Amino acid sequence: MKAKERISDLVDSLMAEGQTILGTEFKRSGNWVGSAPRYIDLQQFTKWRASCNLLVSLMGDIADPWRDVLAGDTANQSVTAISMLGTLQAGNYGVAS
């Protein structure tokens, strides 16, 4: 299998994993001004983020446009996961072609 195919397969896997992780969303209890922050399972998110870091590392310089979103040290908020998933979806067009 060529490197490009392996990366494309990894991106596909990460997108599917991201969809699954979004299903773990929960709200923190408490009194909030506005709506309560939404989070996702920390363990699953941390594993997924590490895999996204691996992807960025494998892609090298061509991952630069997505590096900040995928490889950042971020909290397990659902908005972060949604952003990462959208970045993977956008980046997959360039990998798959």
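**Contact between helix 1 and helix 2**

In this predicted model, residues Ile 7, Leu 10, Val 11, Leu 14, Glu 17, Gly 18 and Ile 21 of helix 1 meet Gln 44, Phe 45, Lys 47, Trp 48, Ser 51, Cys 52, Leu 55, Leu 58 and Met 59 of helix 2. Sorted by class, this contact comprises 11 nonpolar, 3 polar and 2 charged residues. The points below set out the geometry of this pair, the overall layout, the nonpolar core and several individual residues.

**Geometry of the helix pair**

- Two packed helices are described by the angle between their axes and by the distance between those axes.
- Helix 1 covers residues 3-22 and helix 2 covers residues 42-59; they pack at an angle of about 160°, and their axes are 10 Å apart.
- Angles over 145 degrees count as roughly antiparallel, and helix 1 and helix 2 are therefore roughly antiparallel to each other.
- The crossing in which helix 1 passes helix 2 is left-handed.

**Overall layout**

- The protein contains 4 helices and 2 strands, and its elements follow the order α-β-β-α-α-α from the N terminus on.
- The C-alpha trace spans about 50 × 20 × 20 Å along its principal axes.
- Of the 97 residues in the protein, 36% are buried.
- Among contacts between residues at least 6 apart in sequence, 61% join residues that are at least 24 apart.

**The largest nonpolar core**

- The largest nonpolar core consists of 19 residues.
- Leu 14, Trp 48, Cys 52, Leu 55, Leu 70 and Leu 88 are the residues with the most contacts inside this core.
- Helix 1, helix 2 and helix 4 (78-96) each contribute at least two residues to the core.
- Setting aside neighbours within four places in sequence, Leu 88 is in contact with Val 11, Leu 14, Met 15, Trp 48, Cys 52, Leu 55 and Leu 70.

- Cys 52 belongs to helix 2 and, at 0% relative accessibility, counts as buried.
- Beyond its neighbours within four places in sequence, Cys 52 is in contact with Leu 14, Leu 70, Met 84 and Leu 88.
- Cys 52 and Ser 8 are 44 residues apart along the chain, and their C-alpha atoms are separated by 13 Å.
- Arg 49 also lies in helix 2; its relative accessible area is 14%, and residues under 20% count as buried, so Arg 49 is buried.
- Not counting residues up to four places away in sequence, Arg 49 touches Leu 70, Gly 72, Asp 73, Thr 74 and Met 84.

- Leu 85 is located in helix 4 and is buried, with a relative accessible area of 5%.
- Apart from neighbours within four places in sequence, Leu 85 is in contact with Met 15, Gly 18, Gln 19, Leu 22 and Trp 48.
- Although Leu 85 and Glu 17 are 68 residues apart in sequence, they are 9.2 Å apart in space, C-alpha to C-alpha.
- Thr 87 is likewise found in helix 4, and Thr 87 is buried at a relative accessible area of 12%.
- Leaving out neighbours within four places in sequence, the contacts of Thr 87 are with Trp 66, Val 69 and Leu 70.

Conventions:
Residues numbered from 1 in each chain as written. Predicted model: local features only at pLDDT ≥ 70, side-chain atom pairs only at ≥ 80, totals over all residues. Heavy atoms only, no water. Axes fitted to C-alpha atoms, helices over the stretch in contact; angles between N-to-C directions. Parallel < 35°, antiparallel > 145°, perpendicular 65-115°, else oblique. Left-handed = near helix turned anticlockwise from the far one by under 90°. Contact = heavy atoms within 4.5 Å. Nonpolar A, V, L, I, M, F, W, Y, C, P; charged D, E, K, R; others polar. Core = buried A, V, L, I, M, F, W, Y, C linked by side-chain atoms within 4.5 Å. Buried < 20%, exposed > 50% of the residue type's maximum accessible area, 1.4 Å probe, protein only.
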